[in-house]
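The sequence and structure are shown first.

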Amino acid sequence: MPRQPRVWYPGAEYHITTRGNRKTPLFYDSQDRHIYLKYLSETRTQYPFDLYAYCLMTNHIHLQLKSHDTHIQLIMQKLNYRYATYFNRKYDYVGHLFQGRYFSNLIGSPAYQLDVSKYIHLNPVKADLVTQPSNYDWSSYRTYTEFERRAPVNPYPVLSQFPYPQNIEYQKFVENDPAASINGNNLTEEILLPT
(Lines give C-alpha, C1' and ligand atoms only; values in the text may rest on other atoms or scores of the structure.)
Protein backbone atom coordinates (compact mmCIF):
# COMPACT_ATOMS: atom_id res chain seq x y z
CA MET A 1 0.00 0.00 0.00
CA PRO A 2 1.56 3.34 -1.01
CA ARG A 3 2.25 5.99 1.59
CA GLN A 4 -0.23 8.81 1.91
CA PRO A 5 1.21 12.14 0.76
CA ARG A 6 1.84 14.61 3.56
CA VAL A 7 -0.44 17.61 3.85
CA TRP A 8 1.59 20.69 3.03
CA TYR A 9 0.97 24.27 1.98
CA PRO A 10 3.08 27.43 2.32
CA GLY A 11 2.93 28.58 5.92
CA ALA A 12 1.93 25.18 7.33
CA GLU A 13 3.12 24.56 10.89
CA TYR A 14 4.08 21.11 12.18
CA HIS A 15 5.12 19.08 15.16
CA ILE A 16 7.82 16.82 13.74
CA THR A 17 9.37 13.86 15.50
CA THR A 18 12.00 11.47 14.31
CA ARG A 19 13.78 8.75 16.22
CA GLY A 20 16.70 6.41 15.97
CA ASN A 21 16.29 3.16 14.11
CA ARG A 22 15.08 0.51 16.57
CA LYS A 23 14.97 3.36 19.13
CA THR A 24 18.77 3.48 19.28
CA PRO A 25 20.55 6.73 20.24
CA LEU A 26 20.84 9.58 17.77
CA PHE A 27 23.26 11.42 20.05
CA TYR A 28 26.14 10.05 22.10
CA ASP A 29 27.71 13.33 23.21
CA SER A 30 27.42 17.12 23.15
CA GLN A 31 29.32 17.36 19.88
CA ASP A 32 26.62 15.29 18.16
CA ARG A 33 23.92 17.64 19.41
CA HIS A 34 25.91 20.73 18.39
CA ILE A 35 26.37 19.29 14.91
CA TYR A 36 22.64 18.55 14.62
CA LEU A 37 21.81 22.14 15.61
CA LYS A 38 24.40 23.43 13.15
CA TYR A 39 22.82 21.40 10.35
CA LEU A 40 19.39 22.60 11.43
CA SER A 41 20.56 26.22 11.07
CA GLU A 42 22.21 25.54 7.72
CA THR A 43 19.12 23.76 6.40
CA ARG A 44 17.06 26.76 7.46
CA THR A 45 19.36 29.01 5.41
CA GLN A 46 18.86 26.89 2.28
CA TYR A 47 15.15 26.20 2.83
CA PRO A 48 13.77 29.00 5.01
CA PHE A 49 11.39 28.04 7.81
CA ASP A 50 10.51 29.34 11.27
CA LEU A 51 11.67 27.15 14.12
CA TYR A 52 9.41 27.64 17.14
CA ALA A 53 10.72 24.91 19.44
CA TYR A 54 13.02 21.93 19.55
CA CYS A 55 14.17 19.22 21.94
CA LEU A 56 17.01 16.80 21.26
CA MET A 57 16.48 13.71 23.35
CA THR A 58 18.85 10.74 23.31
CA ASN A 59 17.02 8.62 20.75
CA HIS A 60 14.51 11.05 19.25
CA ILE A 61 14.01 14.66 18.21
CA HIS A 62 11.07 17.05 18.45
CA LEU A 63 10.78 20.08 16.17
CA GLN A 64 8.00 22.64 15.97
CA LEU A 65 8.38 24.52 12.73
CA LYS A 66 6.49 26.59 10.22
CA SER A 67 7.36 26.14 6.56
CA HIS A 68 7.60 29.02 4.13
CA ASP A 69 7.75 28.03 0.45
CA THR A 70 9.51 24.69 0.79
CA HIS A 71 7.74 21.42 1.51
CA ILE A 72 8.78 19.98 4.88
CA GLN A 73 9.77 16.80 3.08
CA LEU A 74 12.73 18.62 1.47
CA ILE A 75 13.65 20.26 4.77
CA MET A 76 13.67 16.99 6.69
CA GLN A 77 15.39 15.02 3.91
CA LYS A 78 18.24 17.52 3.82
CA LEU A 79 18.58 17.70 7.61
CA ASN A 80 18.33 13.96 8.27
CA TYR A 81 20.62 13.02 5.40
CA ARG A 82 23.37 15.39 6.52
CA TYR A 83 23.15 14.30 10.14
CA ALA A 84 23.03 10.58 9.30
CA THR A 85 26.12 10.99 7.09
CA TYR A 86 27.99 12.74 9.91
CA PHE A 87 26.88 10.20 12.52
CA ASN A 88 27.74 7.12 10.44
CA ARG A 89 31.17 8.50 9.57
CA LYS A 90 31.96 9.47 13.15
CA TYR A 91 30.95 6.13 14.65
CA ASP A 92 31.90 3.96 11.64
CA TYR A 93 28.31 2.75 11.21
CA VAL A 94 26.45 1.78 8.06
CA GLY A 95 22.77 1.66 7.27
CA HIS A 96 19.80 3.66 8.42
CA LEU A 97 20.15 5.98 11.39
CA PHE A 98 16.50 7.04 11.53
CA GLN A 99 13.52 4.76 12.02
CA GLY A 100 11.52 5.13 8.83
CA ARG A 101 10.40 8.52 7.69
CA TYR A 102 9.78 11.28 10.16
CA PHE A 103 6.37 11.76 11.79
CA SER A 104 4.63 15.09 11.22
CA ASN A 105 1.42 16.43 12.67
CA LEU A 106 -0.14 19.57 11.25
CA ILE A 107 -0.75 22.29 13.84
CA GLY A 108 -4.09 23.85 13.00
CA SER A 109 -4.95 26.13 15.90
CA PRO A 110 -3.31 28.51 18.39
CA ALA A 111 -4.34 26.21 21.26
CA TYR A 112 -2.65 23.23 19.65
CA GLN A 113 0.41 25.37 18.94
CA LEU A 114 0.70 26.08 22.67
CA ASP A 115 0.15 22.44 23.63
CA VAL A 116 2.86 21.26 21.23
CA SER A 117 5.34 23.81 22.57
CA LYS A 118 4.59 22.76 26.13
CA TYR A 119 4.83 19.05 25.28
CA ILE A 120 8.19 19.49 23.54
CA HIS A 121 9.68 21.47 26.42
CA LEU A 122 8.44 19.00 29.05
CA ASN A 123 9.86 15.96 27.25
CA PRO A 124 13.12 15.81 29.29
CA VAL A 125 11.13 16.09 32.55
CA LYS A 126 8.77 13.28 31.54
CA ALA A 127 11.80 11.14 30.67
CA ASP A 128 13.26 11.81 34.15
CA LEU A 129 16.38 13.43 32.72
CA VAL A 130 15.82 16.65 34.69
CA THR A 131 13.37 17.92 37.30
CA GLN A 132 12.78 21.29 35.61
CA PRO A 133 12.68 21.93 31.85
CA SER A 134 15.10 24.85 32.29
CA ASN A 135 17.77 22.37 33.45
CA TYR A 136 17.90 20.60 30.10
CA ASP A 137 20.56 22.02 27.78
CA TRP A 138 19.23 20.59 24.53
CA SER A 139 15.86 22.27 24.13
CA SER A 140 14.62 25.75 23.31
CA TYR A 141 12.91 26.21 26.68
CA ARG A 142 15.35 28.82 28.01
CA THR A 143 14.83 30.83 24.84
CA TYR A 144 11.24 31.24 26.03
CA THR A 145 11.81 31.81 29.72
CA GLU A 146 15.20 33.56 29.84
CA PHE A 147 15.47 34.84 26.25
CA GLU A 148 18.68 32.84 25.92
CA ARG A 149 19.65 32.65 22.27
CA ARG A 150 19.57 28.99 21.22
CA ALA A 151 19.75 27.88 17.61
CA PRO A 152 17.53 29.88 15.24
CA VAL A 153 14.45 29.71 17.49
CA ASN A 154 11.65 32.26 17.21
CA PRO A 155 9.58 32.08 20.42
CA TYR A 156 7.43 35.14 19.72
CA PRO A 157 4.49 33.55 17.88
CA VAL A 158 3.91 31.36 20.95
CA LEU A 159 4.82 34.01 23.54
CA SER A 160 2.51 36.56 21.86
CA GLN A 161 -0.44 34.53 23.17
CA PHE A 162 0.47 35.40 26.78
CA PRO A 163 0.07 38.65 28.72
CA TYR A 164 3.09 40.61 29.95
CA PRO A 165 5.52 39.44 31.23
CA GLN A 166 5.18 36.82 28.54
CA ASN A 167 8.19 34.72 29.50
CA ILE A 168 6.97 34.35 33.11
CA GLU A 169 3.41 33.56 31.99
CA TYR A 170 4.72 30.94 29.57
CA GLN A 171 6.80 29.38 32.33
CA LYS A 172 3.71 29.17 34.56
CA PHE A 173 1.75 27.60 31.69
CA VAL A 174 4.40 24.90 31.22
CA GLU A 175 5.38 24.19 34.81
CA ASN A 176 2.31 24.78 37.00
CA ASP A 177 0.24 21.94 35.57
CA PRO A 178 2.47 19.85 33.31
CA ALA A 179 -0.20 17.28 32.44
CA ALA A 180 -2.92 19.74 31.34
CA SER A 181 -3.52 20.84 27.77
CA ILE A 182 -5.18 24.10 26.78
CA ASN A 183 -8.40 22.21 26.10
CA GLY A 184 -8.41 20.71 29.60
CA ASN A 185 -7.45 17.26 28.34
CA ASN A 186 -4.40 15.27 29.32
CA LEU A 187 -1.48 16.79 27.39
CA THR A 188 -0.07 13.42 26.33
CA GLU A 189 -3.45 12.37 24.93
CA GLU A 190 -3.82 15.73 23.16
CA ILE A 191 -0.51 15.35 21.32
CA LEU A 192 -0.77 12.63 18.69
CA LEU A 193 2.49 10.70 18.42
CA PRO A 194 3.59 7.60 16.53
CA THR A 195 3.61 4.33 18.42
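**Terms and the values behind them**

Q: Where is phenylalanine 147 found in this predicted model?
A: Phenylalanine 147 is found in the loop between H4 and H5.

Q: Why is phenylalanine 147 called partly exposed?
A: Its relative accessibility is 44%. Buried means under 20% and exposed means over 50%, with partly exposed in between. Phenylalanine 147 therefore counts as partly exposed.

Q: Which residues are in contact with phenylalanine 147, leaving aside neighbours within four places in sequence?
A: They are Arg142, Tyr156, Leu159 and Asn167. A contact requires heavy atoms within 4.5 Å.

Q: What makes aspartate 128 an exposed residue?
A: The cut-off for exposed is over 50% relative accessible area. Aspartate 128 has 69% relative accessibility, so it counts as exposed. This residue is found in the loop between H3 and H4, and its phi is near 60 degrees, a positive value in a residue other than glycine.

Q: Where is the other lysine in question, lysine 23, and what is its phi?
A: Lysine 23 lies in the loop between strand S1 (13-19) and helix H1 (30-46). Its phi is positive, about 60 degrees, although lysine 23 is not a glycine.

Q: Why are the buried residues of H6 said to line one face of the helix?
A: The buried residues of helix H6 (residues 166-175) are Asn167, Tyr170, Phe173 and Val174. Viewed down the axis of H6, they fall within an arc of 120 degrees, so they line one face. These buried residues pack against helix H3 (110-126), helix H4 (141-145) and helix H5 (156-159).

Q: Which residues have the most contacts inside the largest nonpolar core?
A: They are Leu63, Tyr83 and Tyr170, in a core of 54 residues. Helix H2 (residues 72-91) supplies the largest share of this core, eight residues. Tyrosine 170 touches, among others beyond four places in sequence, His121, Tyr141 and Phe162.

Q: What is the peptide bond from tyrosine 164 to proline 165, cis or trans?
A: Omega is near -10 degrees, and the bond is cis. Proline 165 is found in the loop between H5 and H6.

Definitions and conventions. Residues numbered from 1 in each chain as written. Predicted model: local features only at pLDDT ≥ 70, side-chain atom pairs only at ≥ 80, totals over all residues. Heavy atoms only, no water. Core = buried A, V, L, I, M, F, W, Y, C linked by side-chain atoms within 4.5 Å. Buried < 20%, exposed > 50% of the residue type's maximum accessible area, 1.4 Å probe, protein only. Helix = DSSP H or I, 4+ residues; strand = E, 2+ residues; numbered from the N terminus. Arc of directions from axis to C-beta.
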